[in-house]
Amino acid sequence: MKKLFFILMLCMAVGTVEARKPKVKTPLFPDGTPIPAWFGDTSRVDVNLLGKRYALTDYGVKTDSNLVQTEAIQAVIDKAAAEGGGVVVVPKGTFLSGSLFFKQGTHLLVEEGARLKGSDRIRDFKILDSRMEGQSIKYFAALINADGVDGFTITGPGTIDGNGYNYWEEFWIRREYNPQCTNLEAMRPRLTFISNSQNVTVQDVKLINSPFWTNHVYKSHHVRFLGCYIFSPTTGVKAPSSDAIDLDVCHDVLVHGCYMSVNDDAVVLKGGKGTWADKDPNNGPNFNIIIEDCVYGRVHGCLTLGSESLYDKNVILRRCKITDASRVLWLKMRPDTPQHYEYVTVEDVVGDCGSFLVVRPWTQFYKPEGRDDMPLSTCNNIVMRNIDMNCNNFFDVGTSEKYRLRDFTFENCKVRDKKKAFDASLIENCVVKNVVIE
């Protein structure tokens with residue numbers, strides 16, 4: 001009996017201790033759904049576990065920065081795939097190439113002191129069915145392509161160099177000759193294009209000097225960018241439209257610990273454009289996106305939704321340092337496209353910027369068409385929290401009959417703001433808590 005009493009008392013004591021333990025809060029997306037544990041895994045892929053290594057120089061590829069060796073490098077990728085997969089290794093030196101196509105089971109390792117460099121001649125990049133600027137079109141392949149390659153890994157610490165100078169120079173000449181020249185008319189490849197893939201990791205690699213977008217990910221999920229250095233020139237001959245990371249109809253994406261400085265937007269959500277874009281099965285939403293612990297150099301926008309975007313939900317930008325951004329959160333509203341951006345949170349951000357929040361119509365190259373059931377575009381449940389910034393204009397917001405703004409929250413914001421244009425009345429149900437604008 002005494003033994004039973006002792007056991008009961010012990011159980012009660014343990015229960016009391018357990019009850020006193022602080023409950024660990026489940027991390028949540030902005031809409032209140034739990035953030036999966038996958039987003040907390042920033043461990044690197046162990047290249048040693050990815051199979052046999054295929055060093056380019058072991059298979060006849062020469063270390064020659066003036067020789068375009070596309071076919072020879074592709075032969076190494078094909079050999080690795082045919083033998084069951086493995087890691088294609090770019091060793092120390094410079095290797096020049098046109099478009100390369102990775103296959104299931106193959107990976108890319110760019111070693112210390114290695115540089116995989118893109119050709120500066122567009123003829124070295126294949127034209128094929130692709131995706132560009134919210135459209136499914138024939139376009140030039142990227143330098144690095146992976147379509148339907150689950151588990152694909154790109155790892156450094158070496159450099160993938162787009163060699164973009166001649167492309168940029170030609171773009172600006174075209175634009176001077178014809179100010180209406182579009183991005184697609186100036187023929188330029190992207191640096192990487194990953195499509196229809198899952199469980200992808202791009203880690204600890206330098207991705208620089210892209211002729212066009214730097215990284216484009218389409219219809220893929222569970223994609224991680226970890227510790228990458230992404231750069232293109234923003235002075236001198238600038239690199240036009242060299243977005244750092246374009247996410248196009250993607251979900252479950254983590255961008256962690258990256259440095260981004262490019263002559264356009266940093267992380268951009270795409271998905272389609274045009275009056276009937278929501279009816280096209282090649283278009284679609286982006287959701288469950290986290291950008292964290294990153295450093296931004298000079299960029300047009302740190303997190304940009306649009307200009308080719310339909311529906312974006314559960315997007316978080318957090319714990320980032322911004323040194324020279326034109327804008328932090330940029331919601332581009334196309335009058336010709338039905339758009340819905342919701343449950344977006346920017347928190348724990350410090351630094352310097354031109355404008356912090358920008359919501360304005362975006363009319364560059366847009367083509368309005370008649371549509372009787374055209375949905376009203378909406379931005380809702382947008383949260384800015386724990387912000388400490390120096391800004392030229394913290395609140396760069398304009399209203400329009402083409403879109404509705406509602407349920408924005410500004411909380412714990414300390415801002416040095418030259419413009420001092422903050423006006424909560426422009427947004428339906430705008431909540432303002434502990435906001436100091438100096």
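Modeller: A residue is buried under 20% relative accessible area, exposed over 50% and partly exposed in between, using a 1.4 Å probe and protein chains only. This is a predicted model, in which local features need pLDDT of at least 70 and side-chain atom pairs pLDDT 80 or more, while totals for chains, interfaces and linings use all residues. Residues are numbered from 1 along each chain as its sequence is written, and side-chain values use heavy atoms, without hydrogens and water.

Biologist: Is Asn 434 buried or exposed?

Modeller: Asn 434 counts as exposed because its relative accessible area is 54%. Its place is in strand β30, residues 431-437; strands (E, at least two residues) and helices (H or I, at least four) are DSSP runs numbered from the N terminus. Asn 434 also has a positive phi, near 55 degrees, although it is a residue other than glycine.

Biologist: Which phi value does Asn 209 have?

Modeller: The phi of Asn 209 is positive as well, about 60 degrees, and this residue is not a glycine. Asn 209 lies in the loop between β15 (206-208) and β16 (215-218). With 17% relative accessibility, Asn 209 is buried.

Biologist: What joins Gly 156 and Pro 157?

Modeller: The bond between Gly 156 and Pro 157 is a cis peptide bond, with omega about 25 degrees. Pro 157 belongs to the loop between β11 (153-155) and β12 (159-161). Another cis peptide bond links Gly 306 to Ser 307, where omega is about 10 degrees. Ser 307 sits in the loop between β25 (303-305) and β26.

Biologist: What does Ser 307 have to do with Gln 339, and where is the latter?

Modeller: Gln 339 is placed in the loop between β26 and β27. Gln 339 is buried, with a relative accessible area of 2%.

Biologist: Where is Thr 337 found?

Modeller: Thr 337 is found in the loop between β26 (311-333) and β27 (340-361). At 1% relative accessibility, Thr 337 is buried. Its contacts, leaving out residues up to four places away in sequence, include Lys 273, Ser 309, Leu 310, Met 374 and Ser 377.

Biologist: How many disulfides does the whole structure hold?

Modeller: The search finds 0 disulfides, that is, pairs of cysteine sulfur atoms within 2.5 Å. For Cys 250, the nearest cysteine sulfur is that of Cys 258, 15 Å away. Cys 250 is buried, at 1% relative accessible area.

Biologist: How much space lies in the largest pocket?

Modeller: The largest pocket holds about 880 Å³. Of the 42 residues lining it, Glu 133, Asn 183, Lys 273, Glu 308 and Phe 365 are the closest to its centre. On a 1 Å grid over the protein atoms alone, a pocket is an open set of points with protein on both sides within 12 Å along at least five of seven lines, a cavity is a set where a 1.4 Å probe fits but cannot get out, and lining residues have an atom within 4 Å of a point. Points join across faces, edges and corners, and volume is the space filled by probe spheres set on them. Helix α3 gives the most to the lining of the largest pocket, with 3 residues.

Biologist: What volume has the second largest pocket?

Modeller: Its volume is about 250 Å³. Among its 18 lining residues, the closest to the centre are Asp 129, Ser 130, Asp 147, Phe 193 and Ser 195. Strand β8 gives the most to this lining, with 4 residues.

Biologist: How many cavities of 30 Å³ or more are found?

Modeller: The search finds 1 cavity of that size. The residues lining the largest cavity include Gly 118, Phe 125, Leu 143, Arg 190 and Pro 211.

Definitions and conventions: Contact = heavy atoms within 4.5 Å.
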